[in-house]
Amino acid sequence: MQTVRKVVILGGGTSGWIAAALLKKVLGATIDIVLVESDSIGTIGVGEATIPPIRLLNSVLGINEAEFLRETKATIKLAIKFDNWRVPGEGYFHTFGAPGKSLAFCQFHHLWNRARQLGDTTSLWEYDLNYLCARDGKFAPITAKDTILELPYAFHFDAGLYAQYLRKLSEQWGVQRIEGLVNDVMQHPNGDIKNLVLDGGREVSGDLFIDCSGFRGLLIQQKLGAGYDDWSHWLPCDRAVAVPSERFDKTLPYTRAIAHSAGWQWRIPLQHRNGNGLVYSSAHYTEQQAADLLLGNLDSKALADPKFIQFKTGRRRKQWHRNVVSVGLSSGFLEPLESTSIHLIQSAVVRLLQLFPHQGIVSSQVAEYNRQSQLEFEQIRDFIILHYHVNQRTDSQFWRDMQQMTVPDSLQRKIQIFADNGSLFREQNDLFLESSWLQVMMGQGIMPKDYHPIANSFTEQKLKEMLAQFRAIKQEPLSKLPSHDEFLQKVCAQ
Ligand SMILES: Cc1cc2nc3c(=O)[nH]c(=O)nc-3n(C[C@H](O)[C@H](O)[C@H](O)COP(=O)(O)OP(=O)(O)OC[C@H]3O[C@@H](n4cnc5c(N)ncnc54)[C@H](O)[C@@H]3O)c2cc1C
């Protein structure tokens with residue numbers, strides 16, 4: 001067994017620099033890290049919306065949040081607003097918060113559902129502080145003793161600036177960066193990767209290689225043929241077209257995901273511009289139609305020509321194979337509907353850290369890494385399919401096909417249990433909490449037929465009082481919070 005002393009990262013996109021920064025920060029002088037990237041190839045250049053665990057990553061890296069907001073032109077993200085997903089003309093929020101407060105053995109929505117069946121007309125979202133702040137465009141971090149007043153948040157940022165920021169930190173900590181195009185890869189007789197050969201003949205050898213080379217998967221696929229599970233029969237969108245546009249006067253603290261007849265459009269507000277894109281099915285739109293649809297639905301003037309990206313939804317069958325771990329786009333791709341790709345990078349590197357093969361690569365560790373990665377990808381896949389499958393749109397064949405497709409058993413089971421009596425269970429570290437499943441199931445139109453019997457243990461009057469009290473508690477901080485723009489101005493002026 002070869003001890004792992006030198007790690008070579010191929011690729012300097014978001015995945016390469018997150019891997020470099022986190023590994024170096026945590027493992028320090030116990031490993032040497034070399035990162036190879038080629039300016040002539042460049043990065044994918046999209047990926048601007050995140051989810052709350054990124055704050056943990058930043059904190060482990062010792063990043064000051066105010067500095068981070070300034071350096072990456074970031075804004076706050078409290079939620080995603082889904083427009084036209086259930087039916088055209090309607091929208092709902094998937095927030096990072098949770099409605100009300102759950103009792104032991106009885107989640108809040110059961111109380112709400114009983115009240116609704118008794119004639120209450122309040123929406124579930126009125127009990128969610130993230131929703132209220134997103135709706136009113138308000139934000140400041142809240143340090144609440146009681147979980148009922150937590151305000152979980154993430155960021156929208158310029159991914160290129162984030163990678164540059166992490167590069168600066170990584171180089172300060174001792175990561176060596178080599179600019180160069182890899183045009184050959186040498187293997188040991190046993191098949192492991194031995195070294196990368198750069199343009200001009202320079203060789204870069206290592207014990208462990210992290211493939212962050214993007215969709216091409218230069219090491220994991222082109223060299224080692226690790227295989228790919230294709231999920232496009234469930235998620236048929238296979239193209240995106242992206243374009244930046246001018247910033248608005250008012251910066252929304254949430255992402256927008258607007259469904260069209262065969263795909264959906266994102267709107268991501270940054271400090272200096274908006275990120276926009278259309279994810280679509282090439283079986284339904286030509287490139288020209290997609291570009292016209294996107295450009296025709298911008299809220300502000302486009303700042304560049306549209307950029308087209310092709311992808312195949314799925315996951316690398318062995319995300320760790322031999323002495324190569326694939327991270328980022330080389331490890332698989334799920335469309336950015338729930339902004340999960342950067343999180344998948346973070347969790348892959350954390351998993352690698354937990355199973356780090358310092359004494360040499362052991363098959364049990366590789367198998368465990370791959371088992372956990374597979375489960376994580378599949379759980380996120382199911383959550384994304386939910387948005388497409390449970391719709392009531394009748395205006396296009398695309399959406400009708402989505403309704404009729406057979407979904408994975410794991411998802412079908414979840415939908416059925418929720419539809420029957422509102423039960424939701426978070427399984428095996430699922431990234432999405434019960435409140436996420438709840439909001440999307442309800443937002444897409446599933447109303448549970450029944451509720452938990454604990455909700456019947458209160459008198460009707462008591463139930464009404466409890467709900468009114470929850471609403472008042474959640475409303476209370478709103479008047480004291482600054483607007484999202486005021487918050488950003490204050491932080492960025494510091
Ligand atoms: C349309 C779209 C929208 C997205 N939106 C989001 C989002 O909102 N939120 C989110 O979390 N994620 C999003 N993502 C995903 C996100 O963009 C990626 O997860 C992230 O940027 C990581 O990319 P990467 O670093 O793996 O690959 P890339 O950015 O493609 O980087 C690849 C690197 O490998 C290098 N390289 C490749 N070949 C060679 C070679 N032969 N020699 C030397 N260097 C080489 C390149 O120079 C580059 O540095 C989106 C993705 C797409 C396609």
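Which residues make the nonpolar surface patch of about 250 Å²? I worked on a predicted model and found that Val26, Leu56 and Val60 make this patch. I placed valine 26 in helix α1, residues 14–27. I recorded valine 26 as partly exposed, because its relative accessibility is 45%.

I next looked up a helix pair. Helix α4 (residues 108–117) packs against helix α14 (residues 460–475) with the axes 10 Å apart and an angle of about 125°. The crossing of α4 and α14 is left-handed.

I then turned to the salt bridges, of which I noted 26. Aspartate 39 pairs with arginine 177, and their closest N and O atoms are 3.6 Å apart. Aspartate 39 sits in the loop between β2 (32–37) and α2 (53–60) and arginine 177 in strand β7 (residues 176–179), so this pair ties together parts 138 residues apart in sequence. At 56% relative accessibility, I listed aspartate 39 as exposed.

A salt bridge also joins arginine 315 and aspartate 229, at 2.9 Å from N to O. Arginine 315 belongs to strand β18 (residues 314–316) and aspartate 229 to strand β12 (residues 228–230), so the pair links parts that are 86 residues apart in sequence. Arginine 315 is buried, with 1% relative accessibility, whereas aspartate 229 is partly exposed at 22%.

My last entry concerns arginine 393 and aspartate 395, whose salt bridge has its closest N and O atoms 2.6 Å apart. I recorded arginine 393 as buried at 3% relative accessible area and aspartate 395 as partly exposed at 42% relative accessibility.

Note on methods: Residues are numbered from 1 along each chain as its sequence is written. This is a predicted model: local features need pLDDT of at least 70, side-chain atom pairs count only at pLDDT 80 or more; totals for chains, interfaces and linings use all residues. Side-chain values use heavy atoms; hydrogens and water are left out. Patches are made of residues with over 30% relative accessible area and no salt bridge: like charges are joined within 9 Å, nonpolar side chains (Val, Leu, Ile, Met, Phe, Trp, Tyr) within 5 Å. Accessible areas come from the Shrake-Rupley method with a 1.4 Å probe; for residues, only the protein chains shown count as cover. A salt bridge is a side-chain nitrogen of Lys or Arg within 4 Å of a carboxyl oxygen of Asp or Glu. Helices (H or I, at least four residues) and strands (E, at least two) are DSSP runs, numbered from the N terminus. Buried means under 20% relative accessible area, exposed over 50%, partly exposed in between (1.4 Å probe, protein chains only). Axes are lines fitted to C-alpha atoms, for helices over the stretch in contact, and angles run from 0 to 180 degrees between N-to-C directions. A crossing is left-handed if the near helix is turned anticlockwise from the far one by less than a right angle, and right-handed if clockwise.
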